[in-house]
Amino acid sequence: LCILIVTCAEISITLTYFQLASEDYNWWWRSFLSSGTSGLYMMFYSWFYFYSRLAIDKFVSTILYFGYMFLISMVFCLLTGSIGALASFAFVRVIYGSIKID
């Protein structure tokens, strides 16, 4: 869990820095989505796992599997996206807070 948090924060901060360096100041949603797309990866992997490893034949079981995987993927997306957005917000506050205005 600690590695996941650190990785999401580092990726989001790095991409936010590159975006701010190119003078694009609309970083909010991009910082959320840059680390939140791991939930999309989880959903794609669940499709791959379903077709390659699982032997579920019944329709109701298939609906339950994909329904639960959709919910888990969305929660994972919100979790990692929130970590990335909060880390980027803290980073932007630090770098702009150190600017002296005279």
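Me: What is the handedness of the crossing of H2 and H4, left-handed or right-handed?
Reply: The crossing of H2 and H4 is right-handed. Please bear in mind that this is a predicted model.

Me: At what angle do H2 and H4 pack, and how far apart are their axes?
Reply: The angle between H2 and H4 is about 135 degrees, and their axes lie 7 Å apart. H2 is therefore oblique to H4.

Me: How should I read the packing of H1 and H2?
Reply: One reads the angle and the axis separation together, then the hand. Helix H1, residues 2–21, packs with helix H2, residues 28–36, at an angle of about 140 degrees, and the two axes are 9 Å apart. H1 is therefore oblique to H2. The hand of the H1 and H2 crossing is right-handed.

Me: How do H3 and H4 lie to each other, roughly parallel or roughly antiparallel?
Reply: In general, angles over 145 degrees count as roughly antiparallel. Helix H3, which spans residues 38–52, crosses H4 at roughly 155 degrees, and the axes of this pair come within 7 Å. H3 and H4 are therefore roughly antiparallel to each other. Their crossing is right-handed.

Me: What separates the C-alpha atoms of Met43 and Met69?
Reply: Met43 and Met69 are 26 residues apart along the chain, and their C-alpha atoms are separated by 6.7 Å. For the pair Ser35 and Tyr65, 30 residues apart along the chain, the C-alpha separation is 24 Å. Ser35 belongs to helix H2, and with a relative accessible area of 4% it is buried.

Me: How many salt bridges does the structure hold, and which side chains meet?
Reply: A salt bridge is read from the distance between a side-chain nitrogen of Lys or Arg and a carboxyl oxygen of Asp or Glu, with a cut-off of 4 Å. The structure holds one salt bridge. The side chains of Asp24 and Arg30 meet in it, at 3.5 Å from N to O. Asp24 counts as partly exposed because its relative accessibility is 25%. Arg30, with a relative accessible area of 49%, is also partly exposed.

Me: Which residues form the nonpolar patch on the surface?
Reply: The general idea is to join nonpolar side chains within 5 Å, taking residues with over 30% relative accessible area and no salt bridge. In this structure the patch consists of Phe59, Val60, Ile63, Leu64, Tyr68, Phe70, Leu71, Ile72 and Met74, and together they have about 970 Å² of accessible area.

Methods
Residues are numbered from 1 along each chain as its sequence is written. This is a predicted model: local features need pLDDT of at least 70, side-chain atom pairs count only at pLDDT 80 or more; totals for chains, interfaces and linings use all residues. Side-chain values use heavy atoms; hydrogens and water are left out. Patches are made of residues with over 30% relative accessible area and no salt bridge: like charges are joined within 9 Å, nonpolar side chains (Val, Leu, Ile, Met, Phe, Trp, Tyr) within 5 Å. Accessible areas come from the Shrake-Rupley method with a 1.4 Å probe; for residues, only the protein chains shown count as cover. Axes are lines fitted to C-alpha atoms, for helices over the stretch in contact, and angles run from 0 to 180 degrees between N-to-C directions. Helices (H or I, at least four residues) and strands (E, at least two) are DSSP runs, numbered from the N terminus. Angles under 35 degrees count as roughly parallel, over 145 as roughly antiparallel, 65 to 115 as roughly perpendicular and the rest as oblique. A crossing is left-handed if the near helix is turned anticlockwise from the far one by less than a right angle, and right-handed if clockwise. Buried means under 20% relative accessible area, exposed over 50%, partly exposed in between (1.4 Å probe, protein chains only).
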